[in-house]
Amino acid sequence: MREPQPGDIRYSRWDGTQRLDALEAEELLAAMGDEILSGGELEDSLARLARWGIPGRMEGMQDLLEKLRAARQRRAERHGLSGIFDELKKKLDEVKELERAGLERRAAAVAPTPELGEAMRKMARERTATLEALPNDVGRAIRALKDYEFVEPKAAEKYRQLLAQLQEQVLGSYFKSMRQQLQDLTPEKLERTRQMMRDLDRALRERMAGGEPDFEAFRRQYPELAGRAKDWDDLVEQLARGMAAMRSLMASMSPTMRSHLEELLGAAFDDPGLQQAMTSLAETLGQLMPTEGTDHSLSGDEPLSLAEALGLMDDLNTLSDWEDLIRSARDQDDLGSLDPSEVERLAGPAARQSLEQLQKMTELLEEAGLIRKDGDRYELTPRAIRKIGQHSLEEIFAHLQRDAFGTHRASSRGRGGEPTDELKTYEFGDPFLLDLPGTVKNAVLREAGAAPGASATGETRDEAAANEGRGETATSDGRGETRASEARPRAAGAGDPRRTPVKLKAEDFEVWRTELLTQSATAILVDVSRSMLFRGCFLAAKKVTLALDSLIRSTYPKDDLYIIGFSAYAQQLKPTDLAKLTWNEYVYGTNMQAAFETARTLLGRSRGKNKQILMITDGEPTAHVEDGRVHFAYPPTRRTFEETLREVVRCTREGITINTFMLARGHYLVDFVNQMSKINRGRAFHVEPDKLGEYLLVDYVSNKRRRVA
């Protein structure tokens, strides 16, 4: 069979968890957009996205936490501990049966002398009585047989295997990396294990005292224990988890069962040297990493052996630890220690998919060029800012009615522009954007005896429109014949194969109508005073500003856009500044005078003849600049209104239109806007924050276009 090669495509059976539409970086960015624009930090937005996910697209840490909790609950409700000793009891009964059978054979055997025969029968009775007197507690019974002299060799071997199995199960739960080596535990292997525990205990105590024991030397001496541990801390954590399984098993048992298990462990580790080494190591590990046993309250009826119970406790402890980790995690980076394959083993493929999406979230954004590392923190890239603007634009247009555009268009005649989806008969001076199929059809129908512009049924465009208004239709049946709600005679000569040449006349020509696109320069003024925080005004203003920037970049690249933020002062902003822009919490004042002056200066640099200011605010002017100082007053003074209106006059003289989008309807604001409207030919709109984008963008686009042909 050919070995798999890089780039090979591998197929697997559909199990219901695979997604056909993979999560994309832009979806993650869009989910964080509003929070980032509201002034939130990128790190906080990433953390919140990781915690709660995207409904229907990506599960968050909270969803993963629920999956782990459900997996732990399912195990606890399926299994029970009532039969934990049944397997051991069955094997102990086999030992006893083998010994009884051996005793019976010897008692029934013919002895060389009557005295020897009697002695054999007496010994058989005594040994049988000893077996019958063994306690019902399997642990105490196994321990009582430690001093029993077996007559039957098969029974003795079976008993030795039983003890070895107990030791393997318990030691295997403590030292999970050694489970393979602990199989078929021989006295030599047991001695090596005893010495290993002593050396490990000595090294850990030395480390607790401030020493630096050589981990690599220990790894070389005991590779079966060190396993994949990277250092002492890693090894201690692994061992502590293993011992926690036994503690949790004890905690999950009733007092009677716990007593039986303690007797069982005493029988398995009756060797004083081994018992002392285990006790000392357990104390040292407890000091280095204190762990408490967890009562997992098993309530099911599916039986477990001791080994299976220890394995289950380990799995339940692992799930519980993962829950604690996720519960305390700040963001997705804290999940790096979780192994997806282990998560799938314990909680299923859906949990693995959730984890992998969370772990790759930052990587996905980085690879898409939307975030980048700046020291220890992440920051948005300019590309991400443009994407947020594009998403805001799509979000705004998604709420518009189909006929939202075109409500402000005015028909006029002229040259130039972009084609529309409407046709007209060519007139001198029209752009020659020819509809060739329609033109040829007109000539064919004309030569067939129909008027130019007739349809395939012989109707002219005007007649077809009139019939459509009356509910009449005309269709072809596919054989060149016409069917209609009111039959019409076929045009004479139609379909004559001898009349194939087509001669075009001027009246046959049809062209596409066009719209004139104006070039404009726009300054958008965003109020960043503290009052914009309320009712979602600030978020709406930032979203529509980014959306307008995205619209101009993608659709009207020849237009100029200047962004100005103003409160007590005014300053020009770049689109990349908007994500971090927040309201001015400590400086009072709405200085429209400074904003208009800054906008007028910037618009003066533009070559476009159409210049406009779009101002988004929720309040009247309450500050102005005089003698180089900002003067603030509320209620606003007459002086502030006058200085601001003087700047409006300057804008008007330079041909700048001022359109105002009011997010509130205060008395002072309405009064100021009315005065401004008498000076400037701009318009004023009172809009709710959630409708701001629709008003502003539709107005912008509508004033960009007018029908010219």
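This is a predicted model: local features need pLDDT of at least 70, side-chain atom pairs count only at pLDDT 80 or more; totals for chains, interfaces and linings use all residues.
Reader: Happy to start with the rings. How many aromatic pairs are there by this rule?

Author: The count comes to 7 aromatic pairs.

Reader: Why is the pair of Phe 218 and Tyr 222 called tilted?

Author: The planes of Phe 218 and Tyr 222 stand at 50 degrees, with the ring centres 5.2 Å apart. Stacked needs planes under 30 degrees apart and edge-to-face needs over 60, so the pair is tilted. Both of these residues are buried, a word that calls for under 20% relative accessible area.

Reader: Which residues form one aromatic cluster?

Author: Phe 218 and Tyr 222 turn up again here: they form one aromatic cluster with Phe 215 and Trp 232.

Reader: And what makes the pair of Tyr 634 and Tyr 668 edge-to-face?

Author: The angle does. The planes of Tyr 634 and Tyr 668 are at 75 degrees, and over 60 counts as edge-to-face. Their centres are 6.3 Å apart, and rings pair if their centres lie within 6.5 Å.

Reader: Why do you say that this pair of Tyr 634 and Tyr 668 ties parts together?

Author: Tyr 634 lies in the loop between strand E12 (629–632) and helix H23 (638–653), while Tyr 668 belongs to helix H24, so the pair ties together parts 34 residues apart in sequence.

Reader: How do you know whether Tyr 634 is buried or exposed?

Author: Its relative accessible area is 56%, and exposed means over 50%, so Tyr 634 is exposed. Tyr 668 has 32% relative accessibility and therefore counts as partly exposed.

Reader: Good. How do you know that the charged end of Lys 373 sits over the ring of Tyr 378?

Author: The charged end of Lys 373 is 4.1 Å from the centre of the Tyr 378 ring, and the rule asks for a distance within 6 Å as well as a position within 35 degrees of the ring normal. Likewise, the charged end of Arg 127 sits over the ring of Tyr 148, 5.6 Å from its centre.

Reader: What makes up the lining of the second largest cavity?

Author: Strand E13 (656–662) and helix H24 (667–679) each give at least two residues, with the largest share, 3 residues, coming from H24. The lining includes Ile 658, Met 676 and Arg 683. By type, the lining residues are 4 nonpolar, 4 polar and 1 charged.

Notes. Residues are numbered from 1 along each chain as its sequence is written. Side-chain values use heavy atoms; hydrogens and water are left out. On a 1 Å grid over the protein atoms alone, a cavity is a set of points where a 1.4 Å probe fits but cannot get out, and a pocket is an open set with protein on both sides within 12 Å along at least five of seven lines; lining residues have an atom within 4 Å of a point. Helices (H or I, at least four residues) and strands (E, at least two) are DSSP runs, numbered from the N terminus. Ala, Val, Leu, Ile, Met, Phe, Trp, Tyr, Cys and Pro count as nonpolar, Asp, Glu, Lys and Arg as charged, and the others, Gly among them, as polar. Rings of Phe, Tyr and Trp (its six-membered ring) pair if their centres lie within 6.5 Å; planes under 30 degrees apart count as stacked, over 60 as edge-to-face and the rest as tilted. Buried means under 20% relative accessible area, exposed over 50%, partly exposed in between (1.4 Å probe, protein chains only).
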